[in-house]
Amino acid sequence: MNEQAFGVLEYDGLRALVRRGAQTPMGRARVDRLAPLAGVEEVRRALDTVAECVELRRRSGGAWSFSELADPSESIARLRIEGAILEPLPLLELARLCDQVGAARASIQAERDALPVLWELVADLPRELYSLAARVTAKILPSGELDDRASPELARIRHDINHLRSSITRSLENLMRRSDEAIQDNLVTVRNDRFVIPVRADHRGRVGGVAHGFSSSGATVFIEPLETIDSNNELQNLRETEEREITRILSTLTDDLRRELPAIERAAEAVAELDFITAKTSLGLRFNCVQPFVGADAALELDAARHPLLEENLRAAGGEVVPVSFRLDTERPVMVISGANAGGKTVVLKTAGLLALMALSGLHVPARAASFPFYRSVLADIGDSQSLAANLSTFTAHVANISRMLELCAAPALVLLDEVGTGTDPEEGSALGVAVVDHFRRACGAHVVATTHYSGLKQYAANETGVINASVEFDERTLQPTYRLLVGLAGSSSGIEIAGRFGFPRGIVEAASARVNESSREATEYLRRIKRESEEAESLRRALEEERAAVAEKYSTLDRDAERRERERQKTFERELHERLAEFEQRSKELVSKIEDRAERARVEREAASRAAELRREAQRAAAAAASKTGGARPSAAKTASAEGAGAGGVRVVRQANDGETGAPRAKSGGAVFQPASVEREIVRGDTVRLRTLGKTGVVERIAGADAEIRIGHVRLREKLSNLELMERAPQGKPEGARRGGGASQLERMAAAAARTADVRLSRSKDEPAAELNLIGRTTDEAVDAADKFLDEAFLNGFARVRIIHGHGTGALRRAIADFLRSHAHVETFSAAPPDQGGAGATIVELKQ
């Protein structure tokens with residue numbers, strides 16, 4: 001790294017910002033040594049520690065904190081000297097160090113799975129540090145004095161001292177009362193660590209004893225009476241004994257710490273490193289920084305990057321930084337920035353350079369996102385380095401600095417050149433600038449960011465495929481810079497306009513404009529036209545983006561409204577279906593209650609329950625089918641879904657909004673209604689009819705007004721004509737009462753069904769099941785549905801044993817039927833059929849009775 005680059009990029013100012021977040025002298029000393037790290041893995045590890053510290057603050061509301069910690073280096077140095085005894089305050093400081101680093105270790109340990117790098121930093125700290133700190137703080141008070149309970153001997157000595165002090169004080173107070181006229185003040189005081197009384201100088205002879213001095217006025221002499229000399233001597237002996245005991249205790253504590261000296265040194269290192277991490281984290285949070293990606297082959301990419309020192313200054317003044325965004329990679333490693341003076345070109349250079357150094361130093365950077373190569377060299381030529389003492393002009397100073405940069409450049413490198421080639425003839429300077437930039441690009445393989453006012457460099461950037469043109473925006477209406485970086489556009493310098501803005505006489509400005517040659521004027525106008533067109537294209541792009549977002553939001557709103565309406569219709573349908581089913585079940589109960597035969601009534605009840613359940617399943621399947629159909633397309637006029645319960649007595653469940661053709665409502669919108677099948681003629685005696693409420697078939701025996709008497713087997717019941725459906729007319733040429741033999745039995749109706757389909761067969765044999773169902777060739781869903789209906793029919797007809805044929809095949813159909821039978825309400829047991837009845841290709845089902 002070029003030390004000169006550290007100066008021009010204000011790295012010391014960055015250190016000062018980081019230093020503000022340090023809490024201890026060790027942490028501040030560690031910040032002062034902040035510098036780019038030696039390896040990419042070391043950089044990534046440092047960046048991870050900051051990220052984990054931020055995560056710890058997010059999880060627990062705060063990380064570790066180090067308060068009132070002094071630099072322990074002197075105390076640790078004394079511990080290395082065998083026999084040296086530490087004073088109470090240094091012992092307390094070391095104990096506080098051990099206690100706080102232990103607390104930091106505990107906070108990290110609680111989240112160690114999420115903080116692996118931080119945990120690795122403190123995992124080796126011994127737990128004995130806590131107990132060591134506890135032993136010290138138990139014996140030494142925060143003021144630095146030893147607690148009376150530091151040892152039993154110290155407690156005894158201090159008790160004796162207090163008792164003797166009280167005794168001496170009482171004795172002296174009695175003496176002062178007896179010699180009141182000789183006493184200056186009735187106050188026992190201490191001189192030379194001995195208790196004395198104040199005696200008037202002119203009454204000195206009235207009190208015998210040893211004089212320990214006079215007051216400043218000479219009017220008072222402090223006398224130790226003869227009767228307290230022995231007690232004072234004893235008190236001095238006790239105090240000496242106390243000092244010896246205190247020295248012994250301090251020596252013991254010092255030896256305890258000395259035995260743990262490696263752990264204490266490790267704790268001091270951990271505190272310094274953790275405080276350093278805290279300082280870096282505080283900087284990241286203060287400037288809303290992100291963790292950059294650093295890799296050997298990474299691109300230099302900054303998204304909304306901000307210069308931290310500039311942001312700090314603008315915050316104090318109430319301003320905001322205009323962020324910078326650009327990208328350099330192996331395909332396009334060079335960017336040439338042009339544009340107006342004071343427009344922010346140099347700020348772009350310093351932002352890129354300082355943020356690169358921050359990332360390489362393990363700091364998060366103020367940006368929305370950022371990535372950097374692991375630069376071996378960060379080189380900068382920024383500002384005016386002229387020196388009269390060194391006989392350097394502006395141009396020679398720049399040349400000398402660039403010469404050193406050429407020597408130091410080692411790939412991968414970041415090279416920052418401000419006004420390259422300036423300070424000499426414009427044509428020569430432009431040529432020199434192009435040559436320098438191209439050399440750093442080709443010979444050094446560096447990422448180069450250069451600023452210029454020279455047309456030659458702008459043309460170089462426009463013609464070279466690996467070079468990007470960029471400019472800082474300048475508002476021509478207000479003649480003010482906006483500080484925005486426009487990548488892909490070269491900019492004009494606008495020097496004459498800026499001179500006019502800063503108060504140059506109008507005549508000078510006009511004269512300067514007249515002297516600009518035509519080609520330069522045309523080039524400037526061309527750049528301005530490109531900028532205007534680019535701005536118009538950007539405005540159009542933003543307008544299109546806004547329109548696209550508005551259209552997407554509109555369609556999203558329509559989708560949400562459609563889904564809401566569909567949910568409401570579904571709820572209405574389900575509610576009304578439930579009401580109709582409840583009405584159906586209630587009506588069934590009323591009709592069943594009219595049947596006198598108990599067995600027949602129980603059988604009819606089971607059949608009614610089965611029909612209601614079947615009707616409910618069919619309605620649910622119809623609703624699901626309707627929902628799947630409406631999910632693919634948005635209907636414009638009506639939605640209709642219907643479900644007809646198979647064998648449900650001609651009752652049909654209809655769900656509709658309105659008539660899609662005529663608009664006339666056929667049923668309540670979105671609801672469920674029951675509609676009877678059409679009747680071709682009036683029902684007469686002898687007709688075979690179907691009861692819609694029960695799904696049963698019977699013969700009309702008598703009609704009385706709007707009611708009819710129906711015979712179902714051996715059971716007769718009354719029903720309204722409106723609830724009957726004509727199934728078969730009365731036979732021609734036979735008396736109307738000729739059908740007294742009863743309506744078709746359930747067994748006969750199942751036989752008729754068997755004649756229409758090969759799936760169901762009835763058996764009259766005692767050895768075979770009463771009925772069987774053939775499922776071969778069906779899917780598992782179709783098979784389960786058919787088996788459900790078959791078992792309901794068999795149960796209602798009182799069959800005890802049936803057979804279901806599913807074949808061998810892959811076994812999927814057999815497993816599906818077995819899973820279905822395990823939970824069926826009518827099934828008692830089931831097993832594979834005997835070999836003569838199909839073996840493993842069929843299942844025998846025993847039904848509950």
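What share of the 849 residues in the protein chain is buried? In this predicted model, buried residues make up 44% of the chain. The chain contains 23 helices and 27 strands. Its accessible surface comes to about 43,600 Å², and carbon and sulfur atoms hold 50% of that area. Of the contacts with a separation of 6 or more, 66% are between residues 24 or more positions apart.

In general, the strands of a sheet pair through backbone hydrogen bonds, either parallel or antiparallel. Between β1 and β2 (residues 194-200), the antiparallel pairing extends over three bridges. Arg-191 has Arg-194 in β2 as its bridge partner.

The loop between β1 and β2 contains Asn-192. This residue has a positive phi of about 55° although it is not a glycine, and it is exposed, with a relative accessible area of 57%. Most residues other than glycine have a negative phi, and most peptide bonds are trans. A positive phi also occurs at Tyr-483, where the value is near 65°. Tyr-483, however, lies in a strand, β14 (residues 480-487), and is partly exposed, with a relative accessible area of 44%. A cis peptide bond joins Ala-411 and Pro-412, with omega at about -10°. Pro-412 is placed in the loop between α14 (394-408) and β11 (413-417).

Elsewhere in the chain, strand β6 (residues 300-305) runs antiparallel to β7, to which four bridges join it. Within this pair, Leu-302 has Phe-326 in β7 as its bridge partner. The side chains of β7 (residues 324-328) alternate along the strand.

Helices α12 (residues 308-317) and α13 pack with their axes 9 Å apart, at an angle of about 115°. The two helices are therefore roughly perpendicular to each other. On the α12 side of the contact are Pro-308, Leu-309 and Leu-310, which meet Val-347, Leu-354, Leu-355 and Met-358 in α13.

Thr-351 is found in α13, which spans residues 345-360. With a relative accessible area of 2%, Thr-351 is buried, because that value falls under the 20% cut-off. Its side chain reaches the backbone oxygen of Val-347 at 2.7 Å; Val-347 is also among the α13 residues that meet α12. Leaving aside residues up to four places away in sequence, Thr-351 touches Ala-305, Arg-306 and His-307.

Conventions: Residues numbered from 1 in each chain as written. Predicted model: local features only at pLDDT ≥ 70, side-chain atom pairs only at ≥ 80, totals over all residues. Heavy atoms only, no water. Buried < 20%, exposed > 50% of the residue type's maximum accessible area, 1.4 Å probe, protein only. Polar contact = N/O pair within 3.5 Å; in protein donor to acceptor, adjacent residues only side chain to side chain. Contact = heavy atoms within 4.5 Å. Pairing = 2+ DSSP bridges. Areas by Shrake-Rupley, 256 points an atom, 1.4 Å probe, with all protein chains shown as cover. Axes fitted to C-alpha atoms, helices over the stretch in contact; angles between N-to-C directions. Parallel < 35°, antiparallel > 145°, perpendicular 65-115°, else oblique.
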